[in-house]
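Please look over the sequence and the model before reading on.

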Amino acid sequence: MATAYDHLPKHHEATQSEKLVITASSLGTVFEWYDFYLYGLLATIISAQFFSGVNETTGFIFALAAFAAGFAVRPFGALVFGRIGDLVGRKNTFLVTMGLMGLSTFVVGLLPSYATIGVAAPIMLIVMRLVQGLALGGEYGGAATYVAEHAPNDRRGLYTSFIQTTATLGLFAALLVVIGTRTLIGEEAFKDWGWRVPFLVSIILLAVSMWIRMQLSESPVFQKMKDEGTTSKAPLTEAFGQWKNAKWVLVALLGAVAGQAVVWYTGQFYAMFFLEKMLLVDGATTNILIAIALAIGTPFFIFFGWLSDKIGRKPIILVGCALAVVTYFPAFHALSEAANPALARAEASAPVTVVTNDADCSLQFDPVGKNKFDAKSCDIAKAFLAKNAIGYANVAAPAGSVAVVRIGAESFTAPDPAKVTGDERKAAITAFQGQIKEALTKAGYPAKADPDAINKPMVIAILTYLVLLVTMVYGPIAAMLVELFPSRIRYTSMSLPYHIGNGWFGGFLPTTAFAMVAATGDIYYGLWYPIVIAALTVIVGLLFLPETFRRNIDA
């Protein structure tokens with residue numbers, strides 16, 4: 001029976017041994033994502049180890065730099081290693097990226113703390129994060145290109161979908177190692193020295209990964225170009241200096257990758273943050289619930305990769321983005337009701353409102369916890385609510401008004417810092433916070449989620465749905481990016497939009513969304529960020545993104 005792929009060349013149909021090699025290359029990428037995610041999972045402990053004792057300004061700069069460094073430099077890694085990959089080959093390039101990633105992760109486990117060597121400690125940590133981000137920027141494009149160029153034309157989506165599982169499996173592996181180490185040695189020992197264990201263990205994973213990748217041969221497509229002398233002499237100029245290719249880089253970024261990135265980070269990271277910080281579910285329970293959802297959802301990366309070989313990449317990616325746009329708000333509201341029903345009931349029966357003039361308020365966003373927020377009545381009111389994860393609505397008041405907090409039918413006036421100073425101000429703030437706390441308790445606001453009241457099957461179902469959206473947008477994306485660009489500049493061309501999308505649009509999502517929540521008091525307001533980006537991708541994708549699944553990628 002004839003298929004849509006019959007007209008394409010069959011000269012590199014994958015053999016059974018090649019399938020094993022492709023699986024092995026995917027396994028190596030799992031370890032790289034494991035390395036990258038450890039920092040995110042252990043950020044609180046690392047912050048205490050490396051940023052204690054510095055002054056407020058320095059601490060603020062270091063905290064933001066350490067968080068952002070790995071994401072910020074990924075596009076630059078894509079340029080550096082993408083160029084090398086198109087000049088000298090896929091295999092050797094991702095051997096280098098893996099070595100850099102693994103060694104920098106191992107070194108983090110050996111770094112002395114701030115208490116030991118002072119300000120040099122956070123500087124060294126940031127340098128390691130920069131190396132990690134650069135390496136990861138070159139890794140994904142190499143692995144995806146390598147696998148795609150080995151795959152049969154009619155199974156490229158299926159084969160590359162194994163690469164797409166690696167980020168989730170890496171996160172899953174990091175979660176398991178962190179949970180296991182914490183359980184084995186206890187929380188106190190883990191905070192003191194045990195946090196180093198997951199980083200140090202990565203040297204074993206590095207050795208295994210390097211051994212696996214040393215067995216691989218060069219991509220047949222690149223080898224053919226090399227033999228024929230048709231490789232690009234200037235990949236960066238050819239990829240981005242000529243509009244005929246640069247326009248497809250823009251289309252790939254805005255019409256596919258940006259939406260994929262925000263859906264990915266919302267489903268796997270923001271959901272975790274939302275459960276722990278907004279819904280007050282304890283960290284261990286949150287990690288376990290997320291891990292179960294990831295375990296259920298991960299096979300669907302393969303399914304949607306396979307399906308994209310049958311019906312195309314574009315419809316699956318854009319439908320996933322569209323579903324995110326229309327379902328994120330109801331999904332996260334349902335998550336609130338299932339994970340912390342007492343909080344959901346209290347918000348419905350006794351909503352909290354802050355009556356104040358916006359000009360009198362500071363942005364309630366302080367990653368290092370140094371700002372006391374006690375210089376304005378508005379800050380005193382909002383800081384206490386934000387610290388206790390209480391969502392609130394804002395009501396405008398005339399300029400110069402003292403802030404008032406309403407909890408249901410009750411009202412409480414915040415202390416006016418212009419009238420009270422020193423110990424008197426401190427006592428007034430303490431008394432005000434006590435009144436608010438008592439009123440919140442009376443209204444049914446819980447201090448934390450009751451583990452016995454969590455509807456765990458429903459939470460897992462909602463988290464699994466969010467992961468399924470991730471699998472829809474992420475499963476086919478590698479095949480689509482590979483097919484969008486010519487072989488001679490493929491590594492370079494596909495790596496840059498992928499890492500701008502996932503490093504910047506996606507990587508900064510938790511911080512951006514949290515800042516939006518802090519600015520408004522609405523715990524759901526941060527969802528507007530992924531919704532707007534995903535909607536943009538749907539529009540640009542529908543108008544400009546071509547379908548690529550029947551393309552011959554040997555050219």
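## Basis of the values

The model is predicted, so local features need pLDDT of at least 70 and side-chain atom pairs count only at pLDDT 80 or more, while totals for chains, interfaces and linings use all residues. Residues are numbered from 1 along each chain as its sequence is written, and side-chain values use heavy atoms, with hydrogens and water left out.

## The chain as a whole

The chain contains 24 helices and four strands. Helices (H or I, at least four residues) and strands (E, at least two) are DSSP runs, numbered from the N terminus. Along its principal axes, the C-alpha trace spans about 80 × 50 × 45 Å.

Of the 555 residues, 56% are buried. Buried means under 20% relative accessible area, exposed over 50%, and partly exposed in between (1.4 Å probe, protein chains only). The accessible surface comes to about 21,700 Å², and carbon and sulfur atoms account for 66% of it. These areas come from the Shrake-Rupley method with a 1.4 Å probe; for residues, only the protein chains shown count as cover. Among contacts (heavy atoms within 4.5 Å) between residues at least 6 apart in sequence, 86% join residues at least 24 apart.

## Helices α8 and α9

Two packed helices are described by the angle between their axes and the distance between the axes. Helix α8 covers residues 156-185 and helix α9 covers residues 187-194; they pack at about 115°, with axes 7 Å apart. Axes are lines fitted to C-alpha atoms, for helices over the stretch in contact, and angles run from 0 to 180 degrees between N-to-C directions.

On the α8 side, the contact is made by V178, T181, R182 and I185, which meet E187, A189, F190, W193 and G194 of α9. These residues divide into five nonpolar, two polar and two charged. Here Ala, Val, Leu, Ile, Met, Phe, Trp, Tyr, Cys and Pro count as nonpolar, Asp, Glu, Lys and Arg as charged, and the others, Gly among them, as polar.

V249 belongs to helix α13 (residues 243-278) and is buried, with a relative accessible area of 10%. Not counting residues up to four places away in sequence, V249 touches A239, F240, F485, S493 and P497. V249 and F485 are 236 residues apart along the chain, yet their C-alpha atoms are separated by 8.7 Å.

L280 sits in the loop between α13 and α14 (283-297). With 16% relative accessibility, L280 also counts as buried. Most residues other than glycine have a negative phi. Phi of L280 is near 65°, a positive value.

Q242 lies in the loop between α12 (235-240) and α13. Q242 is partly exposed, at 32% relative accessible area. Its C-alpha atom is 59 Å from that of A350, 108 residues away along the chain.

N552 is found in the segment after α24 (528-544). N552 is partly exposed as well, with a relative accessible area of 31%.
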